[in-house]
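User: I've got a structure loaded and want to talk through a few things in it. Can you take my questions one by one?

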Amino acid sequence: MAEMFSTLGTWNWLIFGFILMALELAAPGVFLFWLGLAALLVGLLSFAFTPSWQIQLLMFAVFAALAVPAWRHFAKSATAASKTNPFLNRRNEALVGREFTLEKPIVDGSGTVRIDDTVWRVAGPDAPAGSRDKVVRADGASLTVAAV
């Protein structure tokens, strides 16, 4: 067993790190990623100086232990970012209450409006092109409007 550890080298750590990161893709849970990162750090530091296998294992243990608070920090900041933008992945709901000018008239309850770089299908009472309407409801890719 000691012979196996004594042969630990830079490339072994790098390969081990990439294997752990690849396993993370197969079984996502974010845990193996940080262990893989710790192994990659040990491999990269082993390029700079050649530590003994005991020091390499100690470095891996320290980096893996430091990875847990780092993971919690990044997970917390990602959660906070999603809370600051409540309409993330729900862009149409952010349009409710805003007023827009119709691009094409609403005929038989259907028309279009251009909002930024997107043309949205709108439903509502018949209205000519160029009239101002307010979005009262968002349903999928369709908006319901009312005259202002």
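User: Leaving aside neighbours within four places in sequence, which residues is Glu24 in contact with?
Analyst: Keep in mind that this is a predicted model. Glu24 sits in helix α2, which covers residues 10–26. Once the neighbours within four places in sequence are set aside, its contacts are Gly29, Val30, Phe31, Leu32 and Phe33.

User: Is Glu24 buried or exposed, and what is the nearest side chain of opposite charge?
Analyst: Glu24 is buried, yet it has no salt bridge. A salt bridge here needs the nitrogen and oxygen within 4 Å. The nearest side chain of opposite charge is 16 Å away, and it belongs to Arg72.

User: How far apart are the end C-alpha atoms of helix α3, and what span should its 18 residues give?
Analyst: Helix α3 takes in residues 31–48, and at 1.5 Å a residue it should span 26 Å. Its buried residues include Trp34, Leu35 and Gly36.

User: In what order do the elements of the protein chain run from the N terminus on?
Analyst: The chain has 4 helices and 5 strands. Starting at the N terminus, the order is α-α-α-α-β-β-β-β-β.

Conventions
Residues numbered from 1 in each chain as written. Predicted model: local features only at pLDDT ≥ 70, side-chain atom pairs only at ≥ 80, totals over all residues. Heavy atoms only, no water. Helix = DSSP H or I, 4+ residues; strand = E, 2+ residues; numbered from the N terminus. Expected span 1.5 Å × (residues − 1). Buried < 20%, exposed > 50% of the residue type's maximum accessible area, 1.4 Å probe, protein only. Lys, Arg positive; Asp, Glu negative; His and termini not counted. Contact = heavy atoms within 4.5 Å.
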